[in-house]
Amino acid sequence: MVLASFKLSDIEVVFPNETTAVLMYHVKQTMAPRGKKESVTQEMTDSSTWVKDGKNRLCVMHTEARR
């Protein structure tokens with residue numbers, strides 16, 4: 001599947017400590033099979049946990065559920 005478009009909204013970020021960020025957001029995304037014109041639009045509730053590793057942030061967990 002190819003992500004054709006997306007829009008994020010209702011973004012919330014919590015910093016439980018200096019090296020961790022937890023993001024929660026709503027995403028409206030349109031996906032299509034590679035090379036095909038038909039597509040599917042989904043509305044999802046996502047969350048991601050990011051941990052700082054030196055100068056970089058790494059996504060250590062991501063969840064997605066249909067809204």
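Start at the hairpin of strand 3 and strand 4. It has 2 residues between the strands, and Gly 54 there takes a positive phi near 70 degrees. Strands here are DSSP runs of E, at least two residues, numbered from the N terminus.

Before going on, a word on the source. This is a predicted model: local features need pLDDT of at least 70, side-chain atom pairs count only at pLDDT 80 or more, and totals for chains, interfaces and linings use all residues. Residues are numbered from 1 along each chain as its sequence is written, and side-chain values use heavy atoms, with hydrogens and water left out.

Strand 3 covers residues 40-53, strand 4 covers residues 56-66, and the two run antiparallel, joined by 10 bridges. Pairing takes at least two bridges found by DSSP. Met 44 sits opposite Arg 66 in strand 4.

Asn 56 is also in strand 4. The classes are buried under 20% relative accessible area, exposed over 50%, partly exposed in between, with a 1.4 Å probe and protein chains only. Asn 56 and Ser 39 are 17 residues apart along the chain, and their C-alpha atoms are separated by 34 Å.

Now strand 1. Asp 10 lies in it. Its phi is positive, near 50 degrees, in a residue other than glycine. Asp 10 counts as exposed because its relative accessibility is 54%.

Val 13 is in strand 1 too, residues 2-17. At 41% relative accessibility, Val 13 counts as partly exposed.

Technical notes: Helix = DSSP H or I, 4+ residues; strand = E, 2+ residues; numbered from the N terminus.
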